[in-house]
Amino acid sequence: MTDETVTQSEAEAAVRTLIRWAGDDPDREGVLDTPARVARSYRELFAGYDTDPREYLERTFEEVGGYDELVVLKDIRFVSFCEHHMLPVVGRAHVGYLPTDRVVGISKLARVVHGFARRLQIQEKMTSEIATAIQEVLRPQGVGVVVEAEHSCMTLRGVNTAGSSLTTSHLSGVIRDDARTREEFLRLVRG
């Protein structure tokens with residue numbers, strides 16, 4: 001992200017230009033307020049630039065009562081935007097880790113996913129960023145992240161392959177290296 005700040009009115013002017021470029025009249029009643037709406041929605045949809053998702057993982061709990069098994073949060077719904085076409089990527093992330101001596105509140109795992117998703121993204125990078133943040137902050141024995149998403153840049157345009165989805169994964173530590181732990185993680189994610 002650059003240091004140059006774009007104002008609300010500059011963003012609205014850009015949307016007005018796109019409306020005109022598409023062949024419509026930006027002063028037409030039905031789209032008159034569209035530039036302001038789009039600018040506000042983009043501020044929300046790209047809120048990930050205003051956060052450091054790693055910060056969500058900093059508050060942990062060491063009183064785990066001897067728990068030493070996988071922690072898996074699945075079906076974390078997210079919306080991101082393809083950095084190549086700025087079209088929606090809608091999907092689900094499944095996140096797991098094998099704690100060493102502490103755990104994090106489960107809502108924080110969802111916040112990490114959303115923090116990285118709310119940026120212009122490619123799914124492969126997002127998958128890796130989520131896993132790396134969890135690994136670096138929590139220092140667990142292993143991390144597993146599986147992301148499944150439908151990319152509008154493929155389903156609405158281009159090759160027009162409606163219903164197709166992309167699956168990416170990033171496994172580290174014992175979740176990658178130990179066959180039993182890897183299979184347990186993947187079974188929990190699938191089922």
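**View A. Cys82 is buried in this predicted model, with a relative accessible area of 5%.** Cys82 takes part in no disulfide. The nearest cysteine sulfur belongs to Cys153 and lies 3.9 Å away. A disulfide needs two cysteine sulfur atoms within 2.5 Å. By this rule the count comes to 0 disulfides.

**View B. Cys153 is in no disulfide either.** For Cys153, the nearest cysteine sulfur is that of Cys82, at 3.9 Å. Cys153 is buried, and its relative accessible area is 12%.

**View C. Helix 1 covers residues 8-22.** This helix has 15 residues. From first C-alpha to last it reaches 21 Å, close to the 21 Å expected at 1.5 Å a residue. Which residues of helix 1 are buried? They are Glu12, Val15 and Ile19. Seen down the axis of helix 1, the buried residues fall within an arc of 60°, so they line one face of the helix. What covers them includes helix 2 (34-45). On the other side of helix 1, Leu18 and Trp21 are exposed.

**View E. Ile130 sits in helix 4, which spans residues 123-138.** Is Ile130 buried or exposed? Ile130 is buried, with a relative accessible area of 0%. Beyond its neighbours within four places in sequence, Ile130 is in contact with Val95, Val112, Val113, Phe116 and Val145. Arg54 is 76 residues from Ile130 along the chain, yet their C-alpha atoms are separated by 8.9 Å.

Conventions:
Residues are numbered from 1 along each chain as its sequence is written. This is a predicted model: local features need pLDDT of at least 70, side-chain atom pairs count only at pLDDT 80 or more; totals for chains, interfaces and linings use all residues. Side-chain values use heavy atoms; hydrogens and water are left out. Helices (H or I, at least four residues) and strands (E, at least two) are DSSP runs, numbered from the N terminus. Buried means under 20% relative accessible area, exposed over 50%, partly exposed in between (1.4 Å probe, protein chains only). Contact means heavy atoms within 4.5 Å. The expected span of a helix is 1.5 Å times one less than its number of residues. The arc is that of the directions from the helix axis to the C-beta atoms.
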